[in-house]
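Dear colleague,

I am handing over the structure below, together with a written account of what was found in it. Please read the two side by side.

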Amino acid sequence: GGPASLSRFRGALVAAVLGDCVGGEFEGAEEVPMESVLQHLNSLDDETKGNGVLEYSDDTAMARCVVQSLLTRTGFDEQDMARRFAKEYSASPGRGYGSGVIQVLKKLSSPQLSDVYQPARDQFNGRGSFGNGGAMRAAPFALAFPDLDDVKRFAHLGAMLTHSCSLGYNGAVLQALAVHLSLQGALDLPQQFISRLITEMEEVEANEATRNDARILKEAEKPFCERLHRVRDLMGKSKVSIEEVINELGNGIAALHSVPTAIFCVLHCLEPRECLPESYGGVERTIAYSLALGGDTDTIACMAGAIAGAHYGIEAIPQSWIKCCEGAEDAHEDAKRLKMLFLQS
Ligand code: 8NA
Ligand code: MG
Ligand code: MG
């Protein structure tokens, strides 16, 4: 489809769920042979195994709260979104939430709470979380708001409900920006895509809070910009090993060590790769490659899935994968409603 077609909205929301569901198998694994990844993905096509359901984790649980809040409130409402996060957590606490964010979610359920951003600010001795929990649920902001400044502003605020460190919320802004650009067809020109992300993040990271957090954590002055430059360098190389990607970009639970990685996975898999089956389309390649990096596989595959799905559209996603993943059918329907909100905004 053309820019911002329904197929792209569906691709983004559904592939994010798939990345989370199929990535759960390897979450936290240090090394994941591609052979194991392909075996796992092949089993999704195996009808004799009865298409067992792969459950979604915190990534999708929280993204669903974001979607429902944006749709119900026809825009961003921090009180409503915070309430939904808290309610979802207390209904299903076993979805694999980060150990820190659980404290925030418990505080958010208190009826006495006057400032919904305060529990997040109190994390880690007042420094806030730099985990990727804000970024993993950022895609819906790009699907709800057509205006770039709205996407940045609301992805930031949405992340701040749990992640008040700039290295956390700026990761969410970057992820939402990547989905926004992909939805517009920007991945047709990969070099311009990465340049555009760098230009945008130069502005996003040009402030005192970012400089301060970066200094304390001994990162570059503009941490995400520096990582995006590394992504661009890796894009220019004819051969890139998995080890190199992990060393340069990371595969961990920090937003800084996973959002640029997810973006690289999408860019690297725009073309067929020797290590991946020829029969695979772009979404399958992107998700398979994300899993082979190990580490925070569900979250990296979820974020890469959202960006890739917005590029290739829903037609690129195998039906057998959708059938196997909890929440994928819901995402297919929710995407349509988000598109209506997008057109209304
Ligand atoms: P979070 O906010 O609890 O952050 C995740 C972890 O990052 C924390 O528990 C800390 O160890 C560390 N961290 C974050 N900020 C700081 C800081 N300022 N100083 C020191 N340490 C810090 O959770 P989140 O929502 O960001 O989640 C991130 C990832 O963790 C997600 O992939 C999520 O799925 C989760 N996770 C869960 C499991 C699991 O048990 N299934 C395994 C790995 C990751
Ligand atoms: Mg998870
Ligand atoms: Mg994870």
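This is a predicted model: local features need pLDDT of at least 70, side-chain atom pairs count only at pLDDT 80 or more; totals for chains, interfaces and linings use all residues.

Ala4 is buried, because its relative accessible area is 15%, and the cut-off for buried is under 20%. A second residue of this kind is Thr74, whose phi is near 45°, again a positive value in a residue other than glycine. Thr74 is placed in the loop between H3 and helix H4 (78-91), and it counts as exposed because its relative accessible area is 53%, where exposed means over 50%.

Now to the empty space. Rolling a probe the size of a water molecule over the atoms shows where such space is left. The count comes to one cavity of 30 Å³ or more, and about 180 Å³ of space lies in the largest cavity. Its lining is made up of 21 residues, of which Leu13, Ala16, Val17, Ala63 and Arg64 lie nearest the centre. The elements that give two or more residues to this lining are helix H1 (6-23), helix H3 (58-72), helix H8 (139-144), helix H17 (297-312) and helix H19 (328-344), with the largest share, five residues, coming from H3. By class, the lining of the largest cavity divides into 14 nonpolar, three polar and four charged residues.

As for the pockets, the largest pocket holds about 380 Å³ of space. It is lined by 20 residues, and of these Gly98, Ser99, Gly131, Asn132 and Ile253 lie nearest its centre, while the lining as a whole divides into six nonpolar, eleven polar and three charged residues. The second largest pocket has a volume of about 260 Å³, and its lining consists of Ser238, Lys239, Val240, Ser241, Ile242, His268, Pro272, Arg273, Glu274, Cys275 and Tyr289. Sorted by class, this second lining has five nonpolar, three polar and three charged residues.

Finally, the metal site. Which residues coordinate the magnesium ion (ligand 2)? Its donors come from Ser57 (OG), Asp58 (OD), Asp59 (OD) and Asp298 (OD), at 2.1 to 2.3 Å, and along the chain they follow the spacing S-D-D-x238-D. Both Ser57 and Asp58 are buried. Asp298 also bridges the magnesium ion (ligand 2) and the magnesium ion (ligand 3), and these two ions lie 3.4 Å apart. When you look at this site, please remember that water is not among the atoms, so sites may look incomplete.

With best wishes

Key. Residues are numbered from 1 along each chain as its sequence is written. Chains are lettered from A and ligands numbered from 1 in the order in which they are written. Side-chain values use heavy atoms; hydrogens and water are left out. On a 1 Å grid over the protein atoms alone, a cavity is a set of points where a 1.4 Å probe fits but cannot get out, and a pocket is an open set with protein on both sides within 12 Å along at least five of seven lines; lining residues have an atom within 4 Å of a point. Grid points are joined across faces, edges and corners, and a volume is the space filled by probe spheres set on the points. Ala, Val, Leu, Ile, Met, Phe, Trp, Tyr, Cys and Pro count as nonpolar, Asp, Glu, Lys and Arg as charged, and the others, Gly among them, as polar. Donors are N, O and S atoms within 2.8 Å of the metal (3.2 Å for Na, K and Ca); water is not among the atoms, so sites may look incomplete. Buried means under 20% relative accessible area, exposed over 50%, partly exposed in between (1.4 Å probe, protein chains only). Helices (H or I, at least four residues) and strands (E, at least two) are DSSP runs, numbered from the N terminus.
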